[in-house]
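Subject: Structure handover and side-chain notes

Hello,

Here is the structure for your files.

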Amino acid sequence: MLRIVPCLVVVVALAMNSSLSAQVVEEHIRAVGGSDAIAKIKTINRSGTVSIEIGSGKSEGTIVEAYDMPKSQGYQKLDAPGFRQETSFNGNSGWKKTVQDGVKELNKDELGLAKLSLGVSPIATIYSQFGKAAFVDAGEKDYRGKRCDVVNVVGNPLVFYINKKTKLMDGIEIPGLFGMTLSNYKEIDGVKMPVDSKMELSFADMTITTKLDKVQVNRTFDDSKLERPTD
């Protein structure tokens with residue numbers, strides 16, 4: 001009997017964590033606009049300005065993004081003096097093109113980072129596919145000076161920070177790889193999306209700060225953007 005007690009404690013703890021994470025995730029989805037409103041957003045087109053810091057250098061430029069959620073595909077282009085990168089993905093593969101390296105296949109980590117921008121909220125996307133069982137509560141933490149609920153994804157290094165007051169996402173991390181801060185949420189067609197973000201890529205000593213000035217939804221996705229260019 002005594003041997004069973006520790007197992008019961010573990011089961012109860014896991015159940016409590018699952019219940020807490022489900023509550024946090026569901027509150028977040030409602031704050032964004034609700035599942036029905038999110039499901040109506042099929043494509044997203046975004047553009048704005050970008051500041052890229054690499055080591056001690058800094059350059060200003062533009063960013064253009066387009067995503068097609070039903071087909072899980074997207075296109076991103078960063079263009080600044082000394083730095084230009086195009087990224088495209090479709091399903092489980094993709095490519096990127098830079099001035100320095102030409103055209104290369106996206107590796108697993110690069111593809112995962114690119115797909116984080118796919119959809120209104122990565123949490124809502126994961127929830128729609130796998131349900132509440134995909135999340136584990138990880139307590140609370142101050143993130144960039146704001147108190148947040150921390151949610152982990154089962155079998156995945158992703159960490160989400162959900163603002164305890166607004167219930168919106170303040171940040172995303174993969175420890176040792178990257179961190180992204182999200183802010184300045186705007187309501188567009190019934191859903192709230194951040195128009196400002198700051199991504200810190202620790203593995204590349206790079207920081208990308210983005211300010212979007214145009215966000216459009218449910219426009220036609222240009223499939224030609226997915227065509228792999230020549231070197």
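First, the ground rules. This is a predicted model: local features need pLDDT of at least 70, side-chain atom pairs count only at pLDDT 80 or more, and totals for chains, interfaces and linings use all residues. Residues are numbered from 1 along each chain as its sequence is written, and side-chain values use heavy atoms, with hydrogens and water left out.

Aromatic pairs

The structure holds 2 aromatic pairs. Rings of Phe, Tyr and Trp (its six-membered ring) pair if their centres lie within 6.5 Å; planes under 30 degrees apart are stacked, over 60 edge-to-face, the rest tilted.

Y67 and F89 have ring centres 6.5 Å apart and planes at 35°, so this pair is tilted. Y67 sits in strand β2 (residues 57-68) and F89 in strand β4 (residues 83-90), so the pair ties together parts 22 residues apart in sequence. Strands (E, at least two residues) are DSSP runs, numbered from the N terminus. Y67 is buried at 0% relative accessibility. F89 is buried too, at 1%. Buried means under 20% relative accessible area, exposed over 50%, partly exposed in between (1.4 Å probe, protein chains only).

Y143 and Y161 are stacked, at 4.4 Å centre to centre and 15° between the planes. Y143 belongs to strand β7 (residues 135-143) and Y161 to strand β9 (residues 156-163), so parts 18 residues apart in sequence are tied together. Both Y143 and Y161 are buried.

R144 lies over the face of Y143, 4.8 Å from the ring centre. The test is NZ of Lys or CZ of Arg within 6 Å of the ring centre and within 35 degrees of the ring normal.

Salt bridges

There are 11 salt bridges (a side-chain nitrogen of Lys or Arg within 4 Å of a carboxyl oxygen of Asp or Glu). Among them:

- E105 and R228 meet at 2.2 Å, N to O. They link distant parts of the chain, 123 residues apart.
- E200 and R144 have their closest N and O atoms 2.7 Å apart. R144 is partly exposed, at 48%.
- K164 and E140 come to 3.2 Å between the closest N and O atoms. K164 is partly exposed at 29%, and E140 at 43%.

Salt bridges with shared partners join E140, D142, R147, D149 and K164 into one network.

Loop residue

P81 lies in the loop between β3 (73-80) and β4. P81 is exposed, at 62%.

Best regards

Note on methods. Helix = DSSP H or I, 4+ residues; strand = E, 2+ residues; numbered from the N terminus.
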